[in-house]
Amino acid sequence: MSTDIATDFIIADNQSITRTGIRVFIENLYGQCPIINVEDKKQLISALEKQSRHTVVIIDYTLFDFESIDRMILIGKRFPNVSWLMFSAELQEPLLRLVGYEQNIGILFKESNAEEITAALRITVAGGRFICHQVSELLLTHSTKDDTTSRLTPTEIEILKLIAKGKSAKEIA
């Protein structure tokens, strides 16, 4: 257990049991270190403005008061010393795909086992990005399915080009 890490933690989750559990994981890994609990976006931004070193934000996006994932991503860009770990019971595939492009946001499901939670914390503290096994499988499985079912035939592409040129259905036929 290392007690001298150059990282602070912010737990942004509205569930007391989750905040307590994450705190226990952090303290088991790193001993006594700065851990701040926040309950809304205003508290989160205020806490981030006070940080001067690497900070890990562990957030349940689905229970937090962000209007959209875009807002969270913008806040992430405003604070470059921050690594985000989305820790949620459920995240929808479109959101996962969008977050997949962000290098400073990791993803972990609350149903993950202790080994995976520990790995996620270690990797995120080290400045890396952690994507849990379940999310990786989901994205890879659906990615393969999407690639085979969403391709357009040459005829369909031709029709779309004609529609884009303003042709009517009768003209296209």
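I began with β4 and found it mostly covered, with seven of its seven residues buried. The model is a predicted one.

I then checked which way the side chains of β4 point. Val82, Trp84, Met86 and Ser88 point one way, while Ser83, Leu85 and Phe87 point the other way. Residues on both sides are buried.

Next I looked up the strand partners. β3 runs parallel to β4, and five bridges join them. In this pair I noted isoleucine 58 opposite leucine 85 of β4. β5 also pairs with β4 in the parallel sense, over five bridges. Here tryptophan 84 stands opposite isoleucine 105 of β5.

I turned to helix α3, residues 69-78. Ile69, Met72, Ile73, Ile75 and Gly76 are its buried residues. Viewed down the helix axis they fall within an arc of 160°, so they line one face of α3. The face turned away from that buried side carries Leu74 and Lys77, which are exposed. I listed what the buried residues of α3 pack against: α2 (41-49), β3 (55-59), β4 (82-88), α4 (93-99) and β5 (105-109).

Last, I took the chain as a whole. I counted eight helices and five strands, in the order β-α-β-α-β-α-β-α-β-α-α-α-α from the N terminus. Of the 173 residues, 40% are buried. For contacts between residues at least 6 apart in sequence, I noted that 67% join residues at least 24 apart.

Notes: Residues numbered from 1 in each chain as written. Predicted model: local features only at pLDDT ≥ 70, side-chain atom pairs only at ≥ 80, totals over all residues. Heavy atoms only, no water. Helix = DSSP H or I, 4+ residues; strand = E, 2+ residues; numbered from the N terminus. Buried < 20%, exposed > 50% of the residue type's maximum accessible area, 1.4 Å probe, protein only. Contact = heavy atoms within 4.5 Å. Arc of directions from axis to C-beta. Pairing = 2+ DSSP bridges.
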